[in-house]
Amino acid sequence: MRALLASGASSLFLFGAAFAAEPVPGEQEGGLPQLDASTYASQIFWLLLTFGALYFVLSRIFLPRLGGVIEERRNRIADDYDQAAEFKRQAEEAQAGYEKALADAKARAASIAAETRASIDAEIAEMEEENDARLDAKIHAAEARIAETAERARDAVFQAARETTREIVSSLTGEAPSEADVDDALTTAREDIHARAA
Amino acid sequence: MSLDVTAMLDAPFDVASWLLGLARGMAAGPMEQFEIVPIVPLTFGEGVDLSFTNASLWMLISFGTALLFFTWATRRAALVPGKAQGSAEVVYEFISKMVRDTMGEEGRRFFPFVFTLFIFVFLSNFLGLLPSLPGSPAAAHSFTPTSHIIVTFTLAVLSVGLVLVYGLYKHGFGFLKLFAPHGVPLWLLPLITPIEIISFLSRPISLAVRLFANMLAGHVVLKVFAGFVAVLLASGPLLMGIAILPLIGIVGVFILEFLVAFLQAFVFAILTCIYLQDALHPAH
């Protein structure tokens, strides 16, 4: 690149030299004004003056001002980015907190539900047990009553049978059998019936 | 220009004779636009002529334009820039990046110099493209300071002089390593060193001639085409129609010159950066 530029420059220089080599007939007639050395002092003087003045105002006033505002903007943008990142972090934290609270609440709700279900189940079981016990008691009482009634009925039947037997025997034989004999006979007959039924 | 302004103002306006006069003025020579015309003569002692000339005026105009532009652009120095500040910042970042890319962070100290160089060369190139008022005195014609070899040479000497002064200041005799590149075998040095020295010495010349020749050639071409237009227009109805061709040529070259005005300022600035890099690190 540099070599290329240098070769281009040297050819341009030759071009310039060709201009310079041309005969300069005079300042007024067709001479290249660029080669009129009498103007050089003035041009250099005013160039250095204006260039120096431009350098002064640019380096002292305008470049620091521009650089300052660009720097300030860059810092501001960086700050804003930082702040945005901080806000994002906070938002994520809040989100995480919310999610944790939500999970906790869910867990608590689930545990409460389970507890309630267990206690209700226990209550139900207790009530069922109680009920069963009460029913059992009633059944037992009823069974006892039934048994009692059956006993009474059996006794009544036995009594009736005893009296009937005595009546029948006394009317058949004319003499009243002793109670023990009647009972004996009836007991034997009953056992006989039972045995036959079995 | 050899136009007689008062005669033109007195005479009833006649397009044909005006064009003829213009054609004569233009055809007189495409080099007249580079003429140095004193405005305020200032002579010191024997032959030290520091006259304020049209060249000085246009250097001053470049300075004034830069001053106005940057004053306007940074009048608020707002965090959210307006159009003017935005464009000034674009230029700032452009040169800043150029300096950083070529020289790194150490090059920061040369940034104001390179920036001034770019702005001055660009405005000189660019403002010289403004058309002159027809019939205005020669001292008021638009003028391109950078179309003068002495101006570009002075700027180039400033750049290369800065390289030399800073290089010697920072590295002392170590700066001479510039002429003995690292890694070159010892027996080659007698050959390489003179080449490096010539290359170094030709830098201001190449910098100066490149800019000067570009400005000179562009303006000469513009003026020659303009001369064609004027001559064709003034030479009767038959040839008038053809005048459109060099006119189109002028428009094309003019657009090209806009590009060249920027490009040459850019080239001048970036070559200065590359040379300054040598001052920072002579042993390349």
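**Ground rules.** This is a predicted model, so I kept to its limits: local features need pLDDT of at least 70, side-chain atom pairs count only at pLDDT 80 or more, and totals for chains, interfaces and linings use all residues. Residues are numbered from 1 along each chain as its sequence is written, chains are lettered from A and ligands numbered from 1 in the order in which they are written, and side-chain values use heavy atoms, with hydrogens and water left out.

**Chain A, overall.** I get three helices and zero strands here. Helices and strands are DSSP runs numbered from the N terminus (H or I, at least four residues, for a helix; E, at least two, for a strand). Of the 198 residues in chain A, 16% are buried. My scale: buried is under 20% relative accessible area, exposed is over 50%, and partly exposed is in between (1.4 Å probe, protein chains only). Chain A exposes about 14500 Å², with carbon and sulfur atoms supplying 60% of it. Areas come from the Shrake-Rupley method with a 1.4 Å probe; for residues, only the protein chains shown count as cover.

**Record check.** UniProt (unreviewed entry) puts a "transmembrane region" at residues 44-63 of chain A. Its positions are in the numbering used here, feature names are shortened, and annotations may be inferred rather than shown by experiment. In the model I find that stretch 100% helix and 0% strand, with its end C-alpha atoms 25 Å apart.

**Acidic patch.** Glu123(A), Glu126(A), Glu128(A), Glu129(A), Glu130(A), Asp132(A) and Asp136(A) form a negative surface patch. Patch residues have over 30% relative accessible area and no salt bridge; like charges are joined within 9 Å, nonpolar side chains (Val, Leu, Ile, Met, Phe, Trp, Tyr) within 5 Å. Lys and Arg count as positive, Asp and Glu as negative, and His and the chain ends are not counted. Each charge is placed at NZ of Lys, CZ of Arg, CG of Asp or CD of Glu. I looked up Glu123(A): it lies in helix H2 (residues 40-173) and is partly exposed at 49%.

**Salt bridges in A.** Glu86(A), Arg89(A) and Glu93(A) are linked in a network. The closest N and O atoms are 3.1 Å apart for Arg89(A) with Glu86(A), and 2.7 Å apart for Arg89(A) with Glu93(A). Arg89(A) and Glu86(A) are about one helical turn apart because they sit three residues apart in helix H2.

**Chain B, overall.** This chain has nine helices and four strands, and 44% of its 284 residues are buried. Thr53(B), in strand S4 (residues 52-53), is buried at 3%. Its C-alpha is 4.1 Å from that of Pro38(B), 15 residues away along the chain.

**Greasy patch.** A nonpolar surface patch of about 690 Å² includes Leu238(B), Leu239(B) and Ile248(B). Helices H8 (237-240) and H9 (244-280) each give two or more residues, with H9(B) giving the most, four.

**Last one.** What does Asp278(B) form a salt bridge with? The partner is Arg203(B), with closest N and O atoms 2.7 Å apart. Asp278(B) is in helix H9 and Arg203(B) in helix H7 (residues 189-234), so the pair ties together parts 75 residues apart in sequence. Both Asp278(B) and Arg203(B) are buried.

Notes: Salt bridge = Lys/Arg side-chain N within 4 Å of Asp/Glu carboxyl O.
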